[in-house]
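Here are my notebook entries from an evening of looking things up in this model.

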Protein chains: 2
Amino acid sequence: MKFEAVTIKDIAKALGISTSTVSRALRDSYEISPETKQLVLDCAETLNYRPNPIALSLKERRSRSIGVVVCEIANSFFSQVINGIESIAYDKGYNVIISQSHESYEREMMDLHYLSSRSVDGLLISLSTETNDISHLQALHQKGLPIVMFDRISDEIQTHCVVADNFKGAYEATEHLIQRGYKKIAAIANSEFLSITTERLAGYKEALHTYGHKYNNAYVKHCFYGGMVFSEIEEAVNKLFTLKQRPDAIITTSDKLTTGCLKTLVRRGIRVPEDIALVGFSNSDLAELLNPPLTVLRQPAMEMGRDATELLLQLIESKRPITQFEKRVLSPELILGHSSVPQPDLQLIK
Amino acid sequence: MKFEAVTIKDIAKALGISTSTVSRALRDSYEISPETKQLVLDCAETLNYRPNPIALSLKERRSRSIGVVVCEIANSFFSQVINGIESIAYDKGYNVIISQSHESYEREMMDLHYLSSRSVDGLLISLSTETNDISHLQALHQKGLPIVMFDRISDEIQTHCVVADNFKGAYEATEHLIQRGYKKIAAIANSEFLSITTERLAGYKEALHTYGHKYNNAYVKHCFYGGMVFSEIEEAVNKLFTLKQRPDAIITTSDKLTTGCLKTLVRRGIRVPEDIALVGFSNSDLAELLNPPLTVLRQPAMEMGRDATELLLQLIESKRPITQFEKRVLSPELILGHSSVPQPDLQLIK
DNA sequence: TTGTACGCGTTATCAC
DNA sequence: GTGATAACGCGTACAA
């Protein structure tokens with residue numbers, strides 16, 4: 001019942017020649033006569049021969065597969081990144097093995113162990129929110145495993161990185177609100193230990209500074225699990241709303257936070273943008289579903305996946321060790337929802 | 001620079017014993033003395049030995065990896081399914097190789113070719129919208145590749161299937177609208193060649209029939225690419241709105257259609273549910289973002305992924321060929337958005 | 001209880 | 001131009 005795959009041996013037997021000749025003919029070696037070549041090729045075609053990638057891997061000591069570790073697949077941003085990764089990997093004949101950390105450090109470690117035991121040729125990783133010790137990654141890196149980090153990175157490992165221009169993105173989002181006349185702009189951000197959080201908040205602060213707004217610590221809320229736990233966001237929003245100086249606008253610095261914040265506001269019957277303005281990082285299409293559409297900051301997710309994969313494959317396939325590492329920075333895009341933020345004169349005072 | 005992996009050979013050499021002894025000790029064979037076992041285990045630990053899965057695969061003629069073909073990863077439903085697949089596969093030590101058809105028949109063929117050349121041990125597939133000829137799948141199936149289909153299936157292949165109760169789901173959604181007093185209920189569905197479309201429309205029709213509504217062909221629109229091409233949905237909505245007897249409610253039978261429909265309505269300034277009611281299949285969290293929240297039909301995506309994977313692994317690991325195939329049907333859930341559909345007395349007449 | 005020899009599918013290195 | 005052989009890392013039937 002179980003089907004037997006056709007091997008070069010079968011071809012050799014069928015043609016009464018040796019396996020090495022078959023192998024060479026298939027690889028179009030110059031030392032094989034045209035007639036034999038044709039014979040072998042035809043026979044391979046007839047028998048529907050397919051080379052066994054596993055045998056090849058064993059011989060070449062490479063699996064032609066790369067590992068990917070992200071916190072969550074079911075997240076617009078990451079699924080788009082994976083799209084990008086797949087498109088490049090597929091083109092170059094590489095396998096993509098995806099695993100999720102679910103924002104857990106322990107799970108991330110298990111994933112890495114799993115992937116390295118699967119002998120992937122390289123690794124693409126965006127750190128989990130719980131991860132502050134990356135010695136496990138460093139160990140792999142030192143053993144010679146090519147690694148490229150994206151989005152949530154750490155500078156404790158000397159390797160290629162691909163990130164969004166988080167500073168600029170957050171700056172522009174904040175600036176956008178300021179220019180629309182908002183004075184009390186709050187921010188709901190991820191864990192302060194993530195690289196993206198630091199950068200995004202820096203952009204937020206810088207914009208406030210540039211426009212002469214003063215920074216208010218009470219206006220900045222962190223959600224450690226970045227919205228995986230919904231109550232986190234709910235609590236952040238609620239806290240902002242109990243402040244004496246209630247904010248008139250919110251910036252949310254990630255996909256899940258934007259969704260979660262909006263959800264909380266809707267549940268509480270708070271209207272956007274009439275009661276409070278909202279601009280958030282988001283790669284889902286939620287913005288277009290609202291009336292009026294929300295202004296969002298879209299990350300170059302697909303591009304990030306593509307770039308990271310290109311760099312990784314370059315790393316994998318380069319013979320000599322690389323000394324100069326690249327940090328590629330991609331620009332996010334502020335997508336204006338028409339009139340999602342009222343003009344200053346229409347602004348409700350609360 | 002490139003690191004050399006530790007093999008049983010290294011252990012054998014270090015301990016001055018043969019590789020077979022090492023191999024047996026590591027596999028905890030009964031024919032090895034406890035002392036030797038301990039010795040080998042310790043040594044393996046010290047050298048940080050990791051078995052080479054590729055060598056194992058070659059030997060056992062199995063890759064311990066399964067292939068997944070879906071139309072799109074960046075789709076709430078499918079990313080949730082993949083979540084389910086991964087959770088089971090991971091537990092059982094299987095690899096998951098995902099590839100996307102992007103609703104293209106040609107691409108699906110390429111994916112299958114790629115995966116089978118990667119010698120996956122089994123296959124999970126949800127057909128692309130373009131696929132009406134599945135002889136390529138049948139070929140693989142006849143060659144002995146275990147296959148489990150989910151969501152978008154075909155009965156031309158005798159194998160396990162996991163689907164949602166599409167009939168019941170659509171029936172309930174329609175019934176819900178009818179009970180709220182809607183009389184002119186339209187449907188926007190996927191390609192009529194997909195199994196899910198047939199089943200869902202059947203549920204829709206049956207509900208109409210049960211409640212004595214007459215079925216109107218003009219109220220049913222098909223989007224061949226199921227919303228991948230936005231203009232398709234836009235056109236469907238527009239056509240519904242130019243009918244003399246304009247519908248007072250719409251049912252959308254997939255994630256992307258629901259999102260796309262809502263997007264179109266918002267763009268045109270049509271309010272939901274004041275101007276028209278909407279109930280759709282959706283696994284994204286968009287429903288909760290609207291005010292009032294939308295009533296949606298949620299599919300048991302994660303469960304579908306888990307079930308399909310369990311069935312597949314069962315198929316893979318069973319020694320004798322299976323003759324009795326299972327079709328597992330999971331129930332979708334109608335999630336009521338509070339007052340997203342006005343009561344009959346509140347209903348606006350167009 | 002342990003070691004030897006072979007095979008999984010392929011390619012590289014010899015030899016002819 | 002082609003064939004035999006070894007090797008990649010592992011498990012196991014057989015021999016000792």
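Predicted model: local features only at pLDDT ≥ 70, side-chain atom pairs only at ≥ 80, totals over all residues.

**Entry 1: the backbone of chain A**

Which loop of chain A holds P292(A)? I found P292(A) in the loop between β9 (277-281) and β10 (295-298) of chain A.

R64(A) has its place in the loop between α4 and β1 (65-70) of chain A. I noted both spots because most residues other than glycine have a negative phi, and most peptide bonds are trans.

**Entry 2: a cis bond in chain B**

In chain B I looked at the peptide bond from V272(B) to P273(B), and that bond is cis, with omega near 5 degrees. P273(B) sits in the loop between α11 and β9 (277-281) of chain B.

**Entry 3: domains of chain A**

How is chain A divided by the domain assignment? I read off domain 1 (8-51), domain 2 (63-164 + 301-330) and domain 3 (166-299 + 334-349). Domains 2 and 3 are each written as two segments. I then looked up the separation of domain 1 of chain A and domain 3 of chain A, and their centres, taken over C-alpha atoms, are 64 Å apart.

**Entry 4: DNA strand D**

Next I turned to DNA strand D, which has 26 residues around it. T21(A), R24(A), T36(A), I8(B) and Y49(B) come nearest, so to speak from both chains. Sugar or phosphate supplies 64% of the atoms of DNA strand D within 4 Å of the protein, and bases supply the rest.

For individual contacts, I began with the phosphates. A polar backbone atom of S33(A) is 3.0 Å from a phosphate oxygen of DNA strand D. R61(A) uses its side chain, with a polar atom 3.3 Å from a phosphate oxygen of DNA strand D. At the bases, an N or O atom in the side chain of R24(B) is 3.2 Å from a base nitrogen of DNA strand D.

Which elements give two or more residues to the surface near DNA strand D? From chain A they are α2 (19-26) and α4 (53-60), and from chain B they are α1 (8-15), α2 (19-26) and α4 (53-60). By class, I noted eight nonpolar, nine polar and nine charged residues on that surface.

**Entry 5: DNA strand C**

Of the atoms of DNA strand C that come within 4 Å of the protein, 62% belong to sugar and phosphate.

Y49(A) has a polar side-chain atom 2.6 Å from a phosphate oxygen of DNA strand C. I noted its classes as seven nonpolar, nine polar and nine charged residues.

**Entry 6: where the chains meet**

I then looked at the two protein chains together. In contact are 56 residues of chain B and 57 residues of chain A. The two chains bury about 5000 Å² between them, 56% of it on carbon and sulfur atoms. On the chain B side, I54(B), Y90(B) and L289(B) lose the most area to chain A, together 15% of what that side buries.

How many salt bridges cross this interface? The rule finds four. I looked up one between E288(A) and R267(B), whose closest N and O atoms are 3.7 Å apart. There are also 17 residue pairs in polar contact across the interface. On the side of chain B that touches chain A, α4, α5 (76-91), β2 (95-100), α6 (105-117) and α11 (255-267) each supply at least two residues. That side divides into 24 nonpolar, 18 polar and 14 charged residues.

**Entry 7: a salt bridge within a helix**

Over all chains, my search of the whole structure gave 24 salt bridges. In one, the side chains of E235(A) and K239(A) meet at 3.5 Å, N to O. Both residues lie in helix α10 (residues 230-242) of chain A, four residues apart, about one turn of the helix.

Methods: Residues numbered from 1 in each chain as written. Chains lettered and ligands numbered in written order. Heavy atoms only, no water. Polar contact = N/O pair within 3.5 Å; in protein donor to acceptor, adjacent residues only side chain to side chain. Nonpolar A, V, L, I, M, F, W, Y, C, P; charged D, E, K, R; others polar. Domains from an automatic or database assignment. Contact = heavy atoms within 4.5 Å. Buried area = accessible area lost by both parts, 1.4 Å probe.
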